[in-house]
Amino acid sequence: MKRKQSRIIVGTAIGAAAIAVAIDHTRQRLPEPEKQLASQQAVIIIDEGEELPVENNGDCGKPPSPGRKKAPCSL
Amino acid sequence: MKSAIPTQAADQPTVLVASLAILGISLFVQQSVAGLQYLTFLIGVGLGITLMHAAFGFTGSWRAFIRERNGKGVRAQLMLLGLTSLLFFPVLGQIFPSVQAGAALAPVGTSVLAGAFLFGIGMQLGGGCGSGTLYTMGQGQVDMLITLAFFIVGATLGTVHLHWWLSLPGYGSISVIAQFGWVQALLLQLVILAALYGLVRLLETRRYGNIKPVEWQIPQHEFTQRFIHGQWPLWWGVIGLALLNLATLIVAGHPWSITYAFGLWGAKIWAAVGGDPGSWVYWSSGYAEQSLNSSVLTDTTSVMDFGIILGSLLAAALAGKFAPRVKLTGKRIFTAVAGGLLLGYGARLGFGCNIGALVGGISSGSLHGWLWLLAGFCGAISGVYLRIWLKVDRPMGTRQ
């Protein structure tokens, strides 16, 4: 197989894969948007000097990491 | 040391396309996916460049050692395991409490034994391992496209059967870090790796009277040229892969892995054509279910794999080696198909490939990594003899 043929085949395959990823990304939801939405909607007013509520004490306000294991909050 | 200035000029149009693709995807992922996913993509790009420029592979190295007792590549892999362990054990031993990283732990049992053995055969037939298949495909080798396609099919089939394999005899996950503490476990691990290094060196010296060094130095005046266009000394590959694996551990929260994504891609394709992979045990709960029902760009392993393909494509173009001539015979297509299926099925049963299970497992202090190494190497020996039986290679004792 000549180099030009190889380039066309590999280029086509990568292009097809890119289209498939784009379709998948468009059709599938991003991870747990409801959680992100909930955290965006919640308004907590904390007076100066007052302690933060427990759920906001760590780094867990960040969106979940897409890692394989349960996302460590500090990432 | 011989000079290895590349003789072929860089493939500039491909360099431009690959660079723009890397930049565009990084920006898109950074904008559209939460967290540090764009960083994992860039780490993948770095891994692809390192694999390609250092020509760091497992399949050819294992075959060279089995056939000819040429242990240079195997010794480089043992150095990689030692260096990665040195970097991982303190992190996994929680000496940095702010870094939340998980080890690549998996059950020790029949599933890993059978999976790694099948993977070892598959890598010799398919012509690549987990990392090798990705970077040679990124290099534009058409035959590796076939291997990768059937790698995905095999991995998907593996997810159908994994729960049955896990019902066979075995133990749970065993972490030497949890058993002994990270310092003692690291010392024990380094002693074992040093013993293996000594064994490989002894066998090689017996055959040749000396050993081929794992090179690390290059002439000063060649540095820039070699750094950009390759070829890198093997030691650069060892250091680059170890550091990027550490970066993966810190950024993604788990060691570098490759083949989980192949099963995911297969399940997504099956769902796209009307199948229902969500009804399979593997995809019905936990992270697997979440990733099946989310954009593929949210899966760390997938994004890193895309990075590896584009990184190796860029490196191959810089080296003027993109899309080499390939002789695609019927026999090569058969070995690519059979090898790909065995690679994928074996990787799923073995909880990963040579990267996720072998490098990730051993460097995480998981016993399943050592079992994978033993069974995978036995599989590779069988695969080498299968290649001779299929007349892909000449008989033992004759030069390739």
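Predicted model: local features only at pLDDT ≥ 70, side-chain atom pairs only at ≥ 80, totals over all residues.
**Entry 1: the core.** I started with the largest nonpolar core, which has 128 residues. B:Phe41 and B:Leu314 are the residues with the most contacts inside it. I then looked up where its members come from: helix H14 of chain B (residues 300–318) gives the largest share, 12 residues.

**Entry 2: B:Phe41.** Which residues does B:Phe41 touch, not counting those up to four places away in sequence? I found B:Ile25, B:Ser26 and B:Val29, and also B:Val303, B:Met304, B:Phe306 and B:Gly307.

**Entry 3: two crossing helices.** Next I picked helix H7 (residues 142–165) and helix H15 (residues 330–349), both of chain B. Their axes come within 6 Å and cross at roughly 35°. I looked up the handedness too, and H7(B) passes H15(B) in a right-handed crossing. Sorting the residues of this contact gave me 20 nonpolar, 7 polar and 3 charged.

**Entry 4: helix H17 of chain B.** I checked the length of this helix, which covers residues 367–389. Its 23 residues should span 33 Å at 1.5 Å a residue, and the end C-alpha atoms are 33 Å apart, so the two agree. Just after H17(B), I noted that B:Lys391 takes a positive phi of about 60°.

**Entry 5: B:Leu367.** This residue is found in helix H17 of chain B. Is B:Leu367 buried or exposed? I counted 20 other C-beta atoms within 10 Å of B:Leu367. A residue is buried at 20 or more, so B:Leu367 is buried. B:Leu367 touches B:Val108, B:Ile174 and B:Val176, again leaving out residues up to four places away in sequence. I also compared B:Leu367 with B:Thr59: they are 308 residues apart in sequence, and 22 Å apart in space, C-alpha to C-alpha.

**Entry 6: helix H11 of chain B.** I ran the length check on this helix as well (residues 234–252). H11 has 19 residues and reaches 26 Å from its first C-alpha to its last, close to the 27 Å expected at 1.5 Å a residue. How many of the 19 residues of H11(B) are buried? The count is 14, and that makes H11(B) mostly covered. After H11(B) comes B:Gly253, with a positive phi near 90°.

**Entry 7: chain A.** Last, I turned to chain A, where I found 2 helices and 0 strands. Chain A has 75 residues, and buried ones make up 12% of them.

Technical notes: Residues numbered from 1 in each chain as written. Chains lettered and ligands numbered in written order. Core = buried A, V, L, I, M, F, W, Y, C linked by C-beta atoms within 7 Å. Helix = DSSP H or I, 4+ residues; strand = E, 2+ residues; numbered from the N terminus. Contact = placed C-beta atoms within 7 Å. Expected span 1.5 Å × (residues − 1). Axes fitted to C-alpha atoms, helices over the stretch in contact; angles between N-to-C directions. Left-handed = near helix turned anticlockwise from the far one by under 90°. Nonpolar A, V, L, I, M, F, W, Y, C, P; charged D, E, K, R; others polar.
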